[in-house]
Amino acid sequence: MFGYLVLVLLCQGLRLDANIQSNEDSVFASIDVDLSRVLKRVNDRFLSVAIDASLVAEEKYMYLLCSPKLRTLAKALTPAFLRFGGTKQDFMTFTPQYDFSKSWNFQKKSALPQEDMCERLQLPPLLEKRLKEECAQQEVLLQKEELEGIYKKVKFSEYAVDLLYTFANCSGFDLIFGLNALLRTGNSWDSKNAEMLLSYCESKAYNMSWELGNEPNSYEKKAGIRVDGYQLGLDFVHLRKILKESKLYHMTGLYGPDVSQPRDHRRDLLERFLESGAKAIDACTWHHYYVNGRDTSLEEFLDPEVLDTLAIKINEVLQTIELVSPGKKVWLGETSSAYGGGALGLSDRFVAGFMWLDKLGLAAKLGLDVIIRQVLIGSGTYHLVDANLDPLPDYWLSVLYKRLVGPEVLNAAAFTSQEVEKRRLRVYLHCTNKRSSNFTRGAVTLFALNLSKSPARISLPTQISKSSVQAFVLESGDPGEEGLYSSSVRLNGEVLKMVDDRTLPPLQGVSLPPGEYLNLPGFSFAFYVLKDARALACR
């Protein structure tokens, strides 16, 4: 019982603010959509986030995780994994300030109920203000370190672990902690420091998952150490053995190897790793960025050819993993727009949303299970929340995705007489998120990106023209093409901002009368919930 919908997409002319265009300026396109079966099903925590390990470079900045404002923002992104890792994880060592040697033996220490901890561990406003100012200065030093490629070793204590876990737990995240893989004896990983950290976390009953190492293909460049993929796999097997001996962590998640996107020896490293280590991991992780943040441009952020490169990389990775370890789940363990810490003036602006939303749509359609966004706060210019802990455009986009898009991916194929226009108008379809009480089962969510400055009009076919529609249209907070550089965003014409430090705005859609076109302005993206689609695959 395969039901096909045909969505007629009419792209209007060249004026950004035009509402009506002549027929000769319009481009006709249609999309066949199969509502009868689920093409792919991704993890309920598909859209997840990271905090870069560089936040612990000076441990006092970990106290920013006690900000009530940050916790409010974080809660809206759950359910999700929270990855704590990145380049700095391979240069940090657990150095507890208290001697636990007498109290370990996996005995749970007395602790406050978690609800009390969430209320008690809150950052006073004056201290938060001072830490945010100092953290901005620290960020400059970290960027210099990244540019020079010389990474300082850092130590972190049990207090940093406590702050991180409390933030994750109080926000509703599932924590993944990245261990240092560059602590080595000869060619093998030296697990002593990790075992000390694991023992401490178990004594506190911290339920969490683990990774080992970050981008091992770059170890020689960053640390002068070359680690063979096969040996890295054996290191993971060793870690899995340690976890299995733990009462708390014997069934916990282990993810890796967090290689960069495949190129020559990186593919070899991944293959060799899987040969020895596939059985130790629950999902295979790799990293992806579209462009180099130091020499990219606005045009690249809007270029369909750049966006299309993701499909090539995903297919290469999937083929490699399927060959060596069939059926293994695949994650984008770290990803954003531009590597090298992001692109200044682009990666944290409205224009970055095109790369982010297209990546979410394409990765789910091709079968990746989880995508971890670099970063929620901290390192680089690709964060979701700025130095003042104010939400940026990609944050609002991510929250809407969480609320409206379910894990069931539906098949869609676009057809148009003009290939260029087809590639600039990109459409994806999922079952609507069943966690939302606002929509009935059988509803579907269409999300669309318009990479052109010309407005688009989406015409629904007769068979669903009576379906009610909720529209969530996101545009830059500033008018014109310069608005692509804006750090604010409008939802259905209203600029989005927090009501106060503990309250998000309602993020309400606009109801469209049956039979109306779905109007998508130039340089915008939108979610359209077809409430009465009655999709068989979604009921």
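A disulfide is a pair of cysteine sulfur atoms within 2.5 Å. The structure holds two disulfides. This is a predicted model, in which local features need pLDDT of at least 70, side-chain atom pairs count only at pLDDT 80 or more, and totals for chains, interfaces and linings use all residues. Residues are numbered from 1 along each chain as its sequence is written, and side-chain values use heavy atoms, with hydrogens and water left out.

**Confidence**

- pLDDT is the predictor's confidence in each residue, from 0 to 100.
- The protein chain has a mean pLDDT of 89. A pLDDT of 70 or more is reached by 89% of its residues.
- Residues 1-24 have a pLDDT below 50. Beyond near neighbours in sequence, this stretch has 86 contacts in the model (a contact means heavy atoms within 4.5 Å).
- Residues 103-112 also have a pLDDT below 50. This stretch has 16 contacts beyond near neighbours in sequence.
- Where pLDDT is low, the predicted coordinates should not be read in detail.

**Disulfides**

Helices (H or I, at least four residues) and strands (E, at least two) are DSSP runs, numbered from the N terminus. Buried means under 20% relative accessible area, exposed means over 50%, and partly exposed is in between, with a 1.4 Å probe and protein chains only.

- The link is left-handed, with -95 degrees about the S-S bond.
- C118 is buried because its relative accessible area is 16%. C170 is buried because its value is 10%.
- C431 is joined to C538 by a disulfide, S to S 2.0 Å. The torsion about its S-S bond is about -80 degrees, so this disulfide is left-handed.
- C431 lies in strand β18 (residues 425-432) and C538 in the segment after β26 (524-530), so the pair ties together parts 107 residues apart in sequence.
- C431 counts as buried at 0% relative accessibility, and C538 counts as buried at 1%.
- With the bonded cysteines numbered in sequence order, the pairing is 1-2, 3-4.

**Pocket and cavities**

The search uses a 1 Å grid over the protein atoms alone. A cavity is a set of points where a 1.4 Å probe fits but cannot get out. A pocket is an open set with protein on both sides within 12 Å along at least five of seven lines. Lining residues have an atom within 4 Å of a point. Grid points are joined across faces, edges and corners, and a volume is the space filled by probe spheres set on the points.

- The second largest pocket holds about 580 Å³ of space. It is lined by 33 residues, and K402, R403, L404, N433 and S436 are the closest to its centre.
- Elements giving two or more residues to this lining are α12 (393-404), β16 (405-409) and β21 (469-476). The largest share, five residues, comes from α12.
- The lining of this pocket has 14 nonpolar, ten polar and nine charged residues. Ala, Val, Leu, Ile, Met, Phe, Trp, Tyr, Cys and Pro count as nonpolar, Asp, Glu, Lys and Arg as charged, and the others, Gly among them, as polar.
- The count comes to seven cavities of 30 Å³ or more. The largest cavity has a volume of about 90 Å³.
- The largest cavity is lined by 14 residues, with M92, L179, N180, L183 and N193 nearest its centre. By class, its lining has nine nonpolar, five polar and no charged residues.

**Backbone details**

- A cis peptide bond joins T78 and P79, with omega about 0 degrees. P79 is in the loop between α1 (68-75) and β5 (80-85).
- The peptide bond from Q374 to V375 is also cis, with omega near -5 degrees.
- L507 is not a glycine, yet its phi is positive, about 55 degrees. L507 is buried because its relative accessible area is 7%.
- R534 has a positive phi near 55 degrees, and it is a residue other than glycine. R534 is exposed because its relative accessible area is 64%.
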